[in-house]
Every structure is written in structure tokens, then in C-alpha cells.
Amino acid sequence: MASVLLLPSSSSSSCYCSGKINAAIHVPKLPKLSLSLPKIPMRNLGGELNTRDGFINTIPVEKINHVIDDRSHNSSTNIVSTQLYAILEAVADRVEMHANIGEQRDNWNTLLLNSINMMILTAATMAGVAATAGGIGMPILALKLSSTLLYSAATGMLLIMNKIQPTQLAEEQRNATRLFKQLQSQIQTMLAIGTPTQEDVKEVMEKVLALDKAYPLPLLGAMLEKFPTKFEPAVWWPKNQVLQKKNFLHEGKQCNNGWSEELEMEMREIVKVVERKDIEDYVRLGNLALKINKTLAISGPLLTGIAALGSAFVGNGSWAPIVAVAAGALASTVNAFEHGGQVGMVIEMYRNCGGFFQLLQESIETTLEERDLEKRENGKLFEMKVALKLGRSLSQLRELARNSASSQVDEFASKLF
């Protein structure tokens with residue numbers, strides 16, 4: 001038994017000593033599995049149905065596009081508003097500039113008028129004293145020389161003053177200030193109750209540039225002609241703009257936008273009265289004032305020049321001192337009447353009034369030429385604006401149109417000026 005038990009151990013030890021182990025592992029083959037995944041249907045996000053709590057909510061594509069359009073519209077509106085605010089700042093700056101320069105040029109008129117008249121009167125006094133002193137000597141020569149120099153200086157200053165017409169320059173700046181303030185209020189109204197577009201920005205820019213051209217700030221190279229060959233009303237608006245086209249009424253859609261055949265006939269009759277009475281009268285008065293101003297502008301320097309020659313010959317004849325003193329007195333009177341009476345300002349006032357009526361005429365005609373009633377300004381609002389511009393009530397405006405239709409008009413369209 002011992003020998004039998006020991007044999008396996010010896011054989012196993014001999015096997016372990018040899019270091020060779022033969023083992024075979026048989027892994028059973030697994031069956032092949034074929035998995036089939038269900039196909040996920042493609043979903044339309046624009047028309048997706050969300051089922052929650054038993055309710056179905058639909059998000060249409062149109063709503064998504066509408067939200068995107070609203071955002072782009074708001075962005076463009078903000079850009080337009082920003083541009084209008086920038087123009088508004090420029091207009092406010094122009095209001096201040098024209099007001100300051102208008103005050104400065106009014107001071108020019110006062111200072112130059114007083115200085116030139118004092119020079120003329122002083123020169124006339126010296127010429128009279130030199131004539132009464134008699135004899136020949138250094139004091140008389142000094143008086144004659146001083147009188148001649150003062151007359152000559154007054155002549156040169158009068159030529160410059162009559163050329164630039166300070167009273168007319170001051171009136172130009174006052175009108176420019178008023179018109180820029182008017183444009184400023186229009187922009188503020190547009191931003192407050194309107195929906196401005198890029199066309200509005202372009203139109204406002206054209207108005208600003210037209211005002212800059214009509215009432216320039218500099219004198220050299222850009223000053224308006226003070227003595228034109230023919231009187232013409234002022235033009236401060238763009239010629240190609242469509243006037244009175246904005247409608248800020250929010251009362252719903254009205255039948256014919258407030259227009260009727262009777263209202264159109266009324267506006268046409270108002271245009272006839274304005275053209276036949278108001279514009280014609282202001283053109284006539286403007287031409288008359290222009291002729292008077294030309295005569296005065298020539299007479300003043302001519303008289304001071306004659307007085308300078310007379311003062312140079314004081315003591316050489318009996319007529320020389322008379323000419324020097326009389327011409328000096330007349331020159332002072334002419335100068336006081338021309339610049340103290342502000343004839344240039346009157347001419348500019350007539351130009352502005354004529355331009356006002358011409359703008360009103362073009363505004364009505366442009367509105368009536370538009371055949372699409374919805375593109376016009378509301379008829380009732382337009383009629384009220386015309387009545388206010390002419391200083392009349394609506395009943396007085398309609399009565400004026402009826403009188404014009406029956407050829408019984410003996411009054412002007414405007415009751416303001």
C-alpha cells in the first residue's frame with residue numbers, strides 16, 4: 001500500500017519538475033443575436049405637437065417667422081430713431097448759432113449807424129467852423145483836412161455797410177432761427193407719435209440742407225445777393241419733396257381719408273386767392289422796397305463823397321463850405337432813413353412772407369395731385385392746418401372759398417400778415 005501510495009506522488013513530482021502543463025479549455029459558442037432598432041420618424045419642429053396634461057399646443061412656422069420679423073423691425077426702427085436724434089441735435093445747434101449771429105449782426109447795424117452818423121456830423125461841423133474862421137493858417141488847414149478825412153472814411157464805411165445790409169442779415173438769421181425751431185418741433189413730434197422710416201430721415205436731411213442753403217451763415221462767398229435785378233420770394237424747402245404726406249391720426253380707417261369733392265374744390269379756390277392776392281401783393285411791395293433801398297444805398301456814399309470834395313475846397317470859394325455842410329447833412333439823413341428805418345429788414349420780411357405763401361400754394365397743389373386718397377394727409381386735418389396758417393376759422397375759410405368761386409373776393413387770404 002505504501003508503494004502504491006508513493007508512486008503517484010513521485011510521478012506527479014516528476015511531472016511538476018518537468019514544467020510542462022497541458023490543459024485545454026473548451027468555451028461553448030454563443031448564438032448570434034440580431035437586434036432590430038425601430039426607426040425614429042423625422043419631426044417638423046415648426047409644426048411639433050407637445051402633449052402635456054392632455055392638451056395639445058401647436059407652434060406654427062408663421063408665428064416663429066413673425067417673431068423674427070418683429071425683432072428685425074424693432075432693430076431698424078431703433079436705427080432710424082437714433083439717426084433722427086442725431087439730426088435733432090444738429091438742428092438744435094443750428095438754432096443756437098443763427099440766434100447768436102443774428103444778435104451779432106443786429107449789433108453791427110446799431111454800432112455802424114451811430115459811428116458813421118457821428119463821423120458825418122463831426123466832419124460837417126468842422127467844415128462849417130473852417131468856413132467861418134476865415135483867413136489862411138494852420139488851424140483852418142487842420143479843420144479842412146480832418147473834415148475831408150472823416151468824410152472819406154464815412155464814404156468807405158457806408159459802401160461796405162450798404163453792400164452787406166446788416167439789418168437784412170439780422171432778419172435772415174431771425175427767420176432761420178424760427179424755421180429751424182419749427183423743424184425741431186416737427187422731428188420731436190415724429191419721434192413722439194409717429195413711426196419714422198428711412199424715408200423720413202432722408203426727408204429731414206433734405207430740409208436741413210435746404211435751410212442751410214437758404215440762410216447761409218458766412219458772409220464771404222456765400223452771402224445772399226442784397227440787390228438782385230428782380231425780387232423773388234425766399235425758398236427754404238426742397239423742391240422735390242412730397243409735402244404734407246404724414247398722417248398721425250389713429251382713429252381707424254375712414255371713408256376717403258376725410259376727403260371729399262367739396263373739400264378739393266375749396267382747396268383749389270384757396271390756392272387761387274393766395275396766388276392772385278397775397279403772393280402778387282408781396283412781390284409788388286418787395287420790388288418797391290428793393291428800388292427804394294437801391295436808391296438810398298447809392299445816394300449815401302455819393303453825398304458823403306461830394307461833401308469830402310467840398311470840405312477840401314473850403315476857403316477857396318463861397319460854395320465849397322455850403323456843399324460840404326449840406327451834403328453831409330443829407331448823407332446823415334439818408335443813412336438814418338436807410339439803416340435806422342431798416343429798409344433791408346423790410347425787404348427780407350417781404351421775401352419771407354412771399355415764400356410762406358408760395359410754400360402753402362405748393363403744399364396744397366402737391367396734395368391735390370396725389371390721386372390715391374389714402375396716401376394724402378387726412379382731409380379734415382389738412383383743412384384745419386390751412387385755416388390756422390391763414391389765421392382763419394374753418395367757417396371763414398369755407399366762406400372765402402365760396403366767395404372766390406363766385407368772383408366776389410376783395411380781401412386777402414391771410415389775416416395774419
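Guide: The expected span of a helix is 1.5 Å times one less than its number of residues; helices (H or I, at least four residues) are DSSP runs, numbered from the N terminus. This is a predicted model, in which local features need pLDDT of at least 70, side-chain atom pairs count only at pLDDT 80 or more, and totals for chains, interfaces and linings use all residues. Residues are numbered from 1 along each chain as its sequence is written, and side-chain values use heavy atoms, with hydrogens and water left out.

Visitor: How far apart are the end C-alpha atoms of helix α7?

Guide: Helix α7 covers residues 319-340, which is 22 residues. At 1.5 Å a residue it should therefore span 32 Å. The computed separation agrees with this: 30 Å.

Visitor: Is Glu348 buried or exposed?

Guide: Glu348 is found in helix α8. Outside the four places on either side in sequence, Glu348 touches Gln168, Glu171, Glu172, Asn175 and Tyr215, where contact means heavy atoms within 4.5 Å. Buried means under 20% relative accessible area, exposed over 50%, partly exposed in between (1.4 Å probe, protein chains only). Because its relative accessibility is 0%, Glu348 counts as buried.

Key. Helix = DSSP H or I, 4+ residues; strand = E, 2+ residues; numbered from the N terminus.
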